[in-house]
Amino acid sequence: MINTIFFDIGGVLLNIYPERTIRQLSDFTKLSEEKIISAFPKDAHHKYERGEISDSEFFKAVKRELPISNNLTEEQFWKAWSLLVGEETEVVKIMNNLTTKYSVWLLSNTNPYHILEEERFKLFDQITGGIYSFEVGFRKPEEDIFFKALEIAGVTAEKSLFIDDLIENIEMAKSLNMNAIQFKSISDLNEQLGKFLQL
């Protein structure tokens with residue numbers, strides 16, 4: 001019987017808008033959006049989400065990869081970065097309702113800057129806690145972040161349920177014997193929850 005549920009944040013509990021960040025960076029630097037996208041340092045981003053580099057080091061990595069003529073300041077970068085995280089989705093209501101019967105946790109690839117931003121929202125009012133990639137040193141779909149989440153929540157894989165929008169994360173969770181639902185829509189989520197939980 002499932003007693004613990006893990007929710008992803010971006011794309012599930014909060015809408016995310018990478019295009020807004022890209023557009024703002026393009027406006028600040030006068031570089032095309034295509035150049036911003038192609039120059040974005042994915043390796044540095046992954047390190048940032050694992051807590052391996054600081055806010056300042058992440059900004060410098062982004063600026064360094066952009067064409068040398070760019071005039072991007074750190075203040076401008078963080079203004080653009082903040083636009084990535086949007087408003088709460090309807091899943092937050094579903095999540096909060098589940099806290100009356102289940103231990104509910106957040107399990108997210110994220111960074112210190114966006115977690116501070118997320119404190120604007122009511123995500124933390126009723127849940128048990130959160131496992132964040134930058135705090136534990138691993139990011140989804142690496143198996144170690146799932147092992148860490150199960151350890152912190154004090155639950156076995158078989159008694160847990162993981163909800164995420166990305167199929168690669170869902171597949172990893174299932175390979176570790178966790179129950180998992182890929183979030184596609186509110187109606188589909190409610191239907192899938194009914195198969196796993198006693199509602």
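## Helix α1

The buried residues of α1 (buried: under 20% relative accessible area, 1.4 Å probe, protein chains only) pack against α2 (33-39) and α5. Contact here means heavy atoms within 4.5 Å. Helices are DSSP runs of H or I with at least four residues, strands are E runs of at least two, and both are numbered from the N terminus. Among the buried residues of α1 are Ile22, Leu25 and Phe28. Lys30 follows α1 and has a positive phi, near 65°.

## About the model

This model is predicted: local features need pLDDT of at least 70, side-chain atom pairs count only at pLDDT 80 or more, and totals for chains, interfaces and linings use all residues. Residues are numbered from 1 along each chain as its sequence is written, and side-chain values use heavy atoms, leaving out hydrogens and water.

## The largest core

A nonpolar core is a set of buried Ala, Val, Leu, Ile, Met, Phe, Trp, Tyr and Cys residues joined through side-chain atoms within 4.5 Å. The largest one has 27 residues. Ile5, Phe7, Leu98, Ile163 and Leu193 touch the most other members. Several elements give two or more residues, including β1 (4-7), β4 (103-108) and α11 (186-196). Helix α6 gives the largest share, five residues.

What does Ile5 touch, not counting residues up to four places away in sequence? Its partners include Leu98, Trp105, Ile163 and Leu197.

## A second core

A separate core of 21 residues includes Leu25, Phe58, Val62 and Trp78. In soluble globular proteins, nonpolar side chains tend to be buried together.

Methods:
Buried means under 20% relative accessible area, exposed over 50%, partly exposed in between (1.4 Å probe, protein chains only).
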